[in-house]
There are 2 protein chains.
Amino acid sequence: MVLLSAGPGDLDLLTLKAVKALAAADVLLLDELVDPQIVTLAPYARVVRVGKRAGCRSTPQAFICRLMRRYALQGLNVVRVKGGDALMFGRAGEEIAFLRAADVGVRIVNGVSAAFAAAAALGVSLTHREHCHGVTFVTAHTHDHGEPDWAALARSGTTLAIYMGMSRLASLAAGLLPHLRADTPVAIVQGASRGDERRELTTLQALRDAPPVFDARQPGVVLVGPALAEALHVAGHVQPAAGAMAVCG
Amino acid sequence: MVLLSAGPGDLDLLTLKAVKALAAADVLLLDELVDPQIVTLAPYARVVRVGKRAGCRSTPQAFICRLMRRYALQGLNVVRVKGGDALMFGRAGEEIAFLRAADVGVRIVNGVSAAFAAAAALGVSLTHREHCHGVTFVTAHTHDHGEPDWAALARSGTTLAIYMGMSRLASLAAGLLPHLRADTPVAIVQGASRGDERRELTTLQALRDAPPVFDARQPGVVLVGPALAEALHVAGHVQPAAGAMAVCG
């Protein structure tokens with residue numbers, strides 16, 4: 001079977017590999033966050049919706065796993081569709097281990113994760129050699145409902161791309177403020193690459209004191225770090241990122 | 001003009017959006033690490049190679065920027081092609097800032113970064129909710145040729161995806177060993193998704209003591225963290241990742 005990444009939303013961000021896999025699908029197991037129009041790319045597939053959405057009733061993971069195994073063992077070409085890239089935050093690890101134990105071969109098709117689409121929407125790089133040497137993708141809360149180690153994340157010197165944090169923007173900022181400058185640029189992008197895309201540019205301090213109101217049921221990404229300064233500059237908030245033109249200027 | 005992400009290698013991992021942009025290109029500015037066959041997708045484009053490759057002579061960044069500006073101001077449809085996703089480690093920040101200052105509009109087309117393709121090749125997730133709550137993409141050395149803060153990166157509790165480190169595998173391991181368990185799983189994937197893809201599975205200790213020999217001129221990714229345990233398990237190195245089947249089992 002195929003574990004397929006649907007990307008951030010815009011179906012034009014599907015890879016050619018994904019389009020080919022969809023065209024050959026007998027069964028489509030579809031996450032709720034994936035554009036329903038994707039089914040038009042799988043004309044021969046029976047579609048089963050197994051979505052999960054923040055704050056809503058969701059299909060139990062164990063049920064999804066058994067469903068994949070059952071269809072696959074029937075010899076059907078099963079395509080499990082996940083938003084973003086299936087190998088980040090998608091619980092793909094559990095599904096792959098389960099299918100492997102059931103002797104079901106799994107082929108993985110990569111995709112574009114939301115934070116990359118968010119950076120494209122903002123017209124900025126996720127990393128800027130003058131400011132940071134990387135980017136960290138984290139979820140706003142850990143498996144055991146604890147908080148990530150904000151101090152260590154801040155000290156890593158990387159841009160932070162925080163997923164699943166739309167319902168707790170102020171507390172994210174509060175967690176980071178003791179470890180980063182209050183004027184650290186923050187960009188919040190919901191529905192990156194989709195028609196209803198929405199962007200907010202702010203700073204850590206302002207995010208804690210007056211967080212913008214978002215529909216927390218819609219997925220979004222919070223980007224934090226000096227690499228975002230260019231986005232605020234373009235929006236007229238701040239001066240250009242120091243050194244941004246260092247070489248190209 | 002268009003800043004276009006070519007993905008990790010396999011041209012089937014180009015997005016539909018990228019394919020459309022290539023088909024409409026008048027000029028293609030091509031990185032050396034991108035599959036030369038990509039030009040077949042841009043039949044009307046004049047191709048200019050502006051590659052950079054580890055350890056080899058490279059086109060000066062400032063020259064690339066001026067070239068983009070000149071062609072764009074001539075009204076040509078310029079497509080700047082970068083490997084992976086253009087917004088990570090590609091110096092896109094400088095190029096975007098430069099073009100913006102020259103009043104050249106830039107459209108960004110995302111792609112699949114190498115670490116995602118590496119995880120797909122290994123059949124593992126980059127994140128596993130039982131083990132970590134994220135993944136950090138870093139370069140092996142910082143802009144000023146210093147080392148990343150390995151202690152902070154280790155403490156972040158995220159899987160590490162280390163780029164541009166193929167020439168210094170042992171020193172990467174030496175930098176991380178004081179901060180992570182010696183038996184922390186490591187996967188090295190060179191040419192992920194390409195015909196000449198090569199994978200090595202090891203541990204931090206073994207990587208420092210007996211690093212496998214790679215052609216350092218070819219790009220590769222080093223993945224470090226418990227989330228990789230499943231890959232070693234499949235390869236017969238270790239027991240399954242604890243909790244991997246927790247829910248799906």
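User: Before we start, what should I know about numbering and cut-offs?
Analyst: Residues are numbered from 1 along each chain as its sequence is written, while chains are lettered from A and ligands numbered from 1 in the order in which they are written. In this predicted model local features need pLDDT of at least 70, side-chain atom pairs count only at pLDDT 80 or more, and totals for chains, interfaces and linings use all residues, with side-chain values taken over heavy atoms, hydrogens and water left out.

User: What percentage of chain A is buried?
Analyst: Buried is under 20% relative accessible area, exposed is over 50%, and partly exposed is in between (1.4 Å probe, protein chains only). Chain A has 249 residues, and the buried share of them is 56%.

User: Among contacts in chain A between residues at least 6 apart in sequence, what share joins residues at least 24 apart?
Analyst: A contact here is heavy atoms within 4.5 Å. Of the chain A contacts between residues at least 6 apart, the share joining residues at least 24 apart is 65%.

User: Where is T15(A), and which chain B residues does T15(A) touch?
Analyst: T15(A) sits in the loop between strand 1 (2–5) and helix 1 (16–23) of chain A. Its relative accessible area is 1%, so T15(A) is buried. Leaving out residues up to four places away in sequence, T15(A) touches V109(A) and N110(A), plus, over in chain B, D12(B), L13(B), L14(B), T15(B) and V112(B).

User: How are helix 2 and helix 3 of chain A oriented to each other?
Analyst: The axes, lines fitted to C-alpha atoms over the stretch in contact, with angles from 0 to 180 degrees between N-to-C directions, come within 10 Å and cross at roughly 40° for helix 2 (residues 61–73) and helix 3 (residues 92–101) of chain A. Angles under 35 degrees count as roughly parallel, over 145 as roughly antiparallel, 65 to 115 as roughly perpendicular and the rest as oblique. Helix 2 and helix 3 of chain A are therefore oblique.

User: Which residues of helix 3 of chain B meet helix 2 of chain B?
Analyst: In chain B, the axes of helix 2 (residues 61–73) and helix 3 (residues 92–101) come within 10 Å and cross at roughly 40°. From helix 2 of chain B, the residues involved are Q61(B), I64(B), C65(B), R66(B), M68(B) and R69(B). Their partners in helix 3 of chain B are E94(B), E95(B), F98(B) and L99(B).

User: How many residues of helix 4 of chain B are buried?
Analyst: Helix 4 of chain B covers residues 114–122 and is largely enclosed by the rest of the structure. Among its buried residues are F116(B) and L122(B). The count of buried residues is 8 of the 9.

User: What is the phi of M164(A), and what is the phi of S193(A)?
Analyst: Most residues other than glycine have a negative phi. M164(A), in the loop between strand 7 (159–163) and helix 6 (169–176) of chain A, is partly exposed at 42% relative accessibility. S193(A), in the loop between strand 8 (185–190) and strand 9 (198–203) of chain A, is partly exposed at 21%. Neither is a glycine, yet phi is positive in both: about 55° for M164(A) and near 80° for S193(A).

Note on methods:
Helix = DSSP H or I, 4+ residues; strand = E, 2+ residues; numbered from the N terminus.
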